[in-house]
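Colleague: I have a model open and would like to go through it with you. Could we begin with the strands?

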Amino acid sequence: MQHVSPIREPLVTGGKTYADITEDVCRQVEAKPNMRWMVALGVALVFLGIFIYSVYRTLWFGIGEWGLNKTVGWAWDITNFVWWVGIGHAGTLISAILLLFRQKWRTSINRAAEAMTIFAVICAAMFPVLHMGRPWLAYWVLPLPNTFGSLWVNFNSPLLWDVFAISTYFSVSLVFWYIGLIPDFATIRDRATGPIARRAYALLSFNWTGSAKHWSRYETVSLILAGLATPLVLSVHTIVSMDFATSVIPGWHTTIFPPYFVAGAIFSGFAMVLTLMIITRKTFKLEDYITLEHVESMNKVITLTGSIVGVAYITEFFIAWYSGVEYEQYAFINRATGPYWWAYWSMMTCNVITPQLFWFRSIRRSLTATFIISIFVNIGMWFERFVIIVTSLHRDFLPSSWVMFSPTSIDVGIYVGTIGLFFTLFLLFAKFFPVVNMAEVKSILKSSTGVSHTHNPGASLHGTAPNNSHKHD
Amino acid sequence: MTSKKYILGVFNDEDVLLNAIEQTRAAGTKIYDVFSPYPIHGIDDVLGIQRSRLPIVAFFCGLCGTSFALWMQIYMLGFDWPMIIGGKPHIALPSFIPVTFELTVLCAAFGMVITFFIISGLRPTLKVPVLDVRSTDDKYVMAIELKEGTDINKLNDLLRSHGAIEVNEKEVVK
């Protein structure tokens with residue numbers, strides 16, 4: 001017997017049945033693409049075009065097309081790399097960590113969030129690869145026999161750890177996402193009317209039948225994958241932060257970086273999930289699955305992680321003063337009052353102040369406010385990486401090397417281009433793949449809508465739903 | 001070409017289904033398989049499905065990953081081409097931990113998932129393998145294999161008396 005709380009709102013509203021879930025989610029997969037989707041894809045493709053052009057310029061003319069220089073050797077590109085990787089983290093957090101914590105509200109958002117992870121990591125990977133200058137030699141980062149004329153790779157370097165961390169993270173996330181998709185592809189396959197759709201989804205669904213034995217193994221596999229992905233996701237941004245923390249640059253050389261980067265990653269990732277979900281639920285009419293309850297829960301995570309990030313900023317400043325190291329002190333004073341003060345204060349405003357607005361319940365539950373704040377958070381998190389990278393580097397050890405960094409149009413082009421790449425992938429996903437995990441939502445439907453769950457068939461059929469009348473928001 | 005016949009009991013409710021499974025098994029009928037659109041809690045016990053040993057597979061695959069990663073790094077930097085990097089010893093174990101961890105996770109995850117695919121017969125095919133297409137939507141289907149001399153009417157009555165909304169016969173040509 002499962003207790004139904006009269007004060008907790010159901011996860012799926014609108015009195016849905018199992019068939020309704022199938023119908024609602026499969027609708028946009030089976031229907032012809034609508035106008036709004038086509039327009040959105042068109043815009044995304046334009047930005048993808050900008051990406052392709054900028055990459056072509058970078059490859060043809062070299063890294064000189066970018067604004068970085070000898071002093072600021074990591075600039076716009078690594079900022080974007082860290083930004084995208086961070087965004088990816090929310091997907092794994094939702095699908096893995098919330099699974100381990102048995103947070104059932106994750107079921108209707110985990111599919112899209114994991115897709116976001118995968119696409120964000122693809123976008124992130126573009127930057128270090130392009131920064132190599134000769135991306136066709138990218139395989140040199142792998143530990144290959146040194147007949148290439150080089151030595152073995154340096155396993156003491158965090159940059160190499162990154163290669164392993166990001167590629168493992170990408171592959172494990174992809175597998176986790178795909179395992180979850182298999183039962184839903186089977187559902188689409190069994191509904192498909194056209195021969196092409198049926199064959200395509202039959203191939204994708206890997207012969208899935210929904211046999212009890214397979215489900216049992218599927219649940220075991222999901223649980224173990226969640227258990228593996230949880231330390232994995234924490235390790236990824238920890239290692240990204242070590243790219244900075246293990247160096248001796250004032251402003252980078254701090255032990256607070258790993259937890260601070262992980263919190264920041266989750267913070268920006270949830271903001272991106274919210275941006276995407278608010279659009280998706282509206283476009284695909286999924287308001288009963290992605291409810292205000294979901295938005296509110298995610299906003300709470302944003303407030304928590306945003307506060308951790310805020311405390312980290314203040315701690316950094318305090319430690320710089322407390323350390324008594326004048327270079328460290330200068331680096332931080334220069335961040336707040338130096339030539340890049342506007343970047344620092346944009347970061348502070350967007351990351352520290354805006355998420356605090358979510359202490360108000362009305363703002364937490366307002367879609368418009370959430371949408372705006374989620375954009376602000378993503379801008380703030382971009383500035384955070386910019387501040388860390390550019391302001392720490394632009395005042396070199398020798399004042400004769402002090403320079404300013406400004407991006408070229410190619411820098412900007414690659415950045416907005418990856419946003420185009422991201423949205424192209426996401427829109428294709430949203431059209432051809434089920435955006436909500438149907439099987440998982442079905443598995444929580446009974447307990448979440450207030451129907452009691454027992455093994456005694458006599459008493460089980462219709463429990464009472466204490467609070468089942470809901471406004472559609 | 002061999003063909004197999006199945007009796008399919010279609011159910012509307014998971015609790016009714018669980019009860020029907022118990023009763024069918026109690027009546028001495030062997031259930032071929034049960035198909036559902038989502039994992040039903042408690043079905044493993046009533047069907048007598050053993051707990052999966054996939055976590056053990058994951059553990060040993062992970063162990064292989066750990067050993068391989070350690071061997072690779074110690075061999076490459078410690079023996080094959082030793083170099084002093086940042087004043088560290090040739091075999092600097094603390095800085096080998098991240099790569100070791102990542103390869104452990106990678107091998108554990110892929111080893112387990114590939115094993116899951118192989119033992120469950122999951123592979124891309126063009127055919128539709130389900131016995132009743134509604135079992136991936138909103139119905140639960142209990143399949144009982146028909147052998148020579150099985151009393152179809154008795155099975156029909158048994159399933160219906162335990163709440164099946166439909167009882168169908170299906171022949172599968174292998």
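Modeller: Strand β1 (residues 3-11) of chain B runs antiparallel to strand β4 (residues 166-173) of chain B, and eight bridges join them. Strands here are DSSP runs (E, at least two residues) and helices likewise (H or I, at least four), numbered from the N terminus; two strands pair if DSSP finds at least two bridges between them. This is a predicted model, in which local features need pLDDT of at least 70 and side-chain atom pairs count only at pLDDT 80 or more, while totals for chains, interfaces and linings use all residues. Residues are numbered from 1 along each chain as its sequence is written, and chains are lettered from A and ligands numbered from 1 in the order in which they are written.

Colleague: Which residue stands opposite Lys4(B) in β4(B)?

Modeller: Val172(B) in β4(B) stands opposite Lys4(B).

Colleague: And with which strand does β1(B) pair over seven bridges?

Modeller: That strand is β3 (residues 140-146) of chain B, and the pairing is antiparallel. Here Lys5(B) stands opposite Leu146(B).

Colleague: Which element of chain B has the lowest mean pLDDT?

Modeller: It is β4(B), with a mean of 87, whereas α4(B) has the highest, 96. The score pLDDT is the predictor's confidence in each residue, from 0 to 100. Chain B averages 91, and 99% of its residues score at least 70. For the model, ipTM is 0.94 and pTM is 0.91.

Colleague: How is chain B divided into domains?

Modeller: Domain 1 of chain B takes in 3-50 + 130-173, and domain 2 takes in 54-119. These bounds come from an automatic or database domain assignment. The C-alpha centres of the two domains lie 46 Å apart.

Colleague: Now the contact between the chains: how many residues does each chain give?

Modeller: Chain B gives 63 residues and chain A gives 57. Two residues are in contact if their C-beta atoms, placed from the backbone, lie within 7 Å. On the side of chain B that touches chain A, at least two residues each come from α1 (14-26), β2 (33-35), α2 (43-47), α3 (54-80) and α4 (93-119) of chain B. The largest share, 15 residues, comes from α4(B).

Colleague: What is that side made of, by class?

Modeller: The side of chain B that touches chain A has 39 nonpolar, 13 polar and eleven charged residues. Ala, Val, Leu, Ile, Met, Phe, Trp, Tyr, Cys and Pro count as nonpolar, Asp, Glu, Lys and Arg as charged, and the others, Gly among them, as polar.

Colleague: Let us turn to chain A. How many helices and strands are there?

Modeller: Chain A has 16 helices and zero strands. Its C-alpha atoms fill a box of roughly 85 × 50 × 40 Å along the principal axes. Of its 473 residues, 48% are buried. A residue is buried if 20 or more other C-beta atoms, placed from the backbone, lie within 10 Å of its own, exposed if 12 or fewer, and partly exposed in between.

Colleague: What is the phi of Arg102(A)?

Modeller: Arg102(A) has a positive phi of about 55°, although it is not a glycine. Arg102(A) lies in the loop between α3 (76-100) and α4 (110-131) of chain A, and is exposed, with 7 other C-beta atoms within 10 Å.

Colleague: And where is Lys285(A) found?

Modeller: Lys285(A) is in the loop between α8 (257-283) and α9 (292-323) of chain A. Lys285(A) has a positive phi of about 55° although it is not a glycine, and is exposed, with 12 other C-beta atoms within 10 Å.
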